[in-house]
Amino acid sequence: MTSQPADRVAYNHDLTPAEDAGIEGRFQQRPGPSLSRQTPHTKSSYSQEARAARRASAASRAAYDVPDTYENLGETANIPPVQNPDEESVHRYETLEQERAREQSYARDRRCQDEDPETRAAVQAEEKAEAASYPVSKKETQIYTLSYLIFFSIFGTLARLGLQAITIYPGTPIIFTSVWPNFAGSMVMGFLAEDRMLFRQELGSSSSNGADTERGSVSVDSEGARKAHLAIKKTIPLYIGLATGFCGSFTSFSAFMRDVFLALSNDLPVTDAPSRSGGHTFLAFIAIPLITISMSLAGLFFGAHMAIFLEPYTPSLPFLFTSKILDRLIVLLGWGCWLGAIIMSIFPPHDSWRGTATFALVFAPLGCLLRFYISLRLNSRAPSFPLGTFSVNIFGTAVLGMSWDLARLPVGGVIGCQVLQGIQDGFCGCLTTVSTWVAELAVLGRRHAYIYGAGSVGTGLVMLVAIMGGLRWGDGWNPLVCTH
């Protein structure tokens with residue numbers, strides 16, 4: 001077989017002309033930087049093509065009017081962990097840098113359009129007409145997305161706390177508990193990124209007679225269909241809620257860095273023997289990053305391989321159920337669960353619940369939403385270095401270090417200690433993410449991946465040494481006054 005050109009994809013020729021045109025218009029490669037030098041006469045046509053390539057067309061049944069900034073989320077980059085799922089002899093590899101470079105080219109061309117009044121007016125008229133064609137408006141899409149993020153951040157936090165609790169037992173082979181949520185969350189992320197069945201019905205576009213085939217309008221063997229499915233599913237609020245909300249909150253970069261520092265300071269469980277030498281400390285210190293990163297990457301690829309293996313057996317979520325029922329129900333469930341967590345923190349059945357879970361559930365959506373918005377604004381700035389993910393991971397690590405120290409000072413009492421524990425488990429746990437981080441590492445170019453990975457771990461550790469080290473190696477930590 002021969003490989004496809006870089007700017008074209010293969011399509012299933014069994015599609016009707018209307019379906020084929022709709023998919024090809026949606027998922028053609030974005031124009032390169034040279035388009036920024038086009039004349040005002042050609043900018044309007046470029047704008048139409050670029051938006052068609054970035055967002056679902058009106059022919060799509062999903063039809064969410066998705067903000068352009070959603071493309072900046074690390075979880076929604078149109079590059080799966082396994083780029084050759086069928087193990088074909090000819091394999092085209094694409095990196096995150098290339099994806100981000102196209103985004104930057106699109107943004108530059110849009111700025112050029114805005115400089116010309118006539119072109120700007122034409123583009124605004126086109127966008128207004130296009131927005132009117134979407135069954136789900138941009139405002140509704142944003143409301144549904146925020147509701148999914150709140151809902152899944154709460155359940156991601158519960159999953160992380162629960163998994164940590166059941167892995168603390170005598171004789172455990174791994175004495176730092178952050179590794180298991182990071183592995184499991186990365187595995188779910190890998191499955192979601194590679195899966196082509198859960199959201200299959202979102203891809204089907206109505207044929208000329210209004211009927212769809214039983215398994216959707218696009219053949220699973222078509223490379224063009226695969227790219228089309230990846231692009232559409234990552235604009236669906238439910239997918240963003242699962243990937244950004246659940247996986248991002250299930251995993252925690254700040255907890256990972258905390259365990260690295262505790263290994264350095266000889267404060268991990270059952271490692272507090274005063275006779276431990278410097279060599280032992282070094283081995284413990286390097287073991288946690290190596291184990292966590294290796295297991296998280298292994299979880300990401302294992303989840304992707306499971307999605308490929310289970311493709312014949314994975315059901316598809318009903319389109320009408322997700323778009324007409326679940327999207328609307330999640331608004332009530334997401335905000336209602338958050339309100340319930342606040343009420344249970346004010347009037348808990350048992351005081352220990354505050355430090356164990358309820359305060360964490362109150363702070364969890366705040367961390368998740370902050371990560372979401374920072375990623376939207378910063379991830380596209382540097383194609384080879386996801387600045388948004390890096391910023392939230394380092395900032396969340398710093399907040400966790402300060403909360404850890406304050407909780408171990410003789411101030412605040414039981415309630416203050418529980419609030420600080422909730423900030424660590426909820427806000428910092430959901431603000432920082434390992435699943436997105438390793439997903440980005442997996443698709444960055446090799447040199448950039450090493451720079452990004454080492455820079456994240458190194459900066460996080462330096463931050464904790466500066467914040468936690470002074471108290472730990474100075475006056476020392478006091479025992480916690482709250483129960484967990």
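Modeller: Leu-339 has its place in helix α12, which covers residues 319–346. I return to that helix below. The model is predicted. Two packed helices are described by the angle between their axes and the distance between the axes. Helix α16 (residues 435–443) packs against helix α17 (residues 446–472) at an angle of about 155°, and their axes are 8 Å apart. Angles over 145 degrees count as roughly antiparallel, and α16 and α17 are therefore roughly antiparallel to each other. On the α16 side, the contact is made by Trp-437, Glu-440 and Leu-441. From α17 come Ala-449, Tyr-452, Gly-453, Ser-456 and Val-457. Sorted by class, this contact of α16 with α17 has 5 nonpolar, 2 polar and 1 charged residues.

Now back to Leu-339. Together with Ile-342, Ile-343, Ile-346 and Phe-347, Leu-339 forms a nonpolar patch on the surface. The accessible area of these residues together is about 500 Å².

The whole structure has 3 salt bridges. One of them joins Arg-196 and Glu-311, with the closest N and O atoms 3.4 Å apart. Arg-196 is in the loop between α6 and α7, and Glu-311 is in the loop between α11 and α12, so the pair ties together parts 115 residues apart in sequence.

Notes:
Residues numbered from 1 in each chain as written. Predicted model: local features only at pLDDT ≥ 70, side-chain atom pairs only at ≥ 80, totals over all residues. Heavy atoms only, no water. Axes fitted to C-alpha atoms, helices over the stretch in contact; angles between N-to-C directions. Helix = DSSP H or I, 4+ residues; strand = E, 2+ residues; numbered from the N terminus. Parallel < 35°, antiparallel > 145°, perpendicular 65-115°, else oblique. Contact = heavy atoms within 4.5 Å. Nonpolar A, V, L, I, M, F, W, Y, C, P; charged D, E, K, R; others polar. Patch = residues over 30% accessible without salt bridge, like charges linked within 9 Å, V, L, I, M, F, W, Y side chains within 5 Å. Areas by Shrake-Rupley, 256 points an atom, 1.4 Å probe, with all protein chains shown as cover. Salt bridge = Lys/Arg side-chain N within 4 Å of Asp/Glu carboxyl O.
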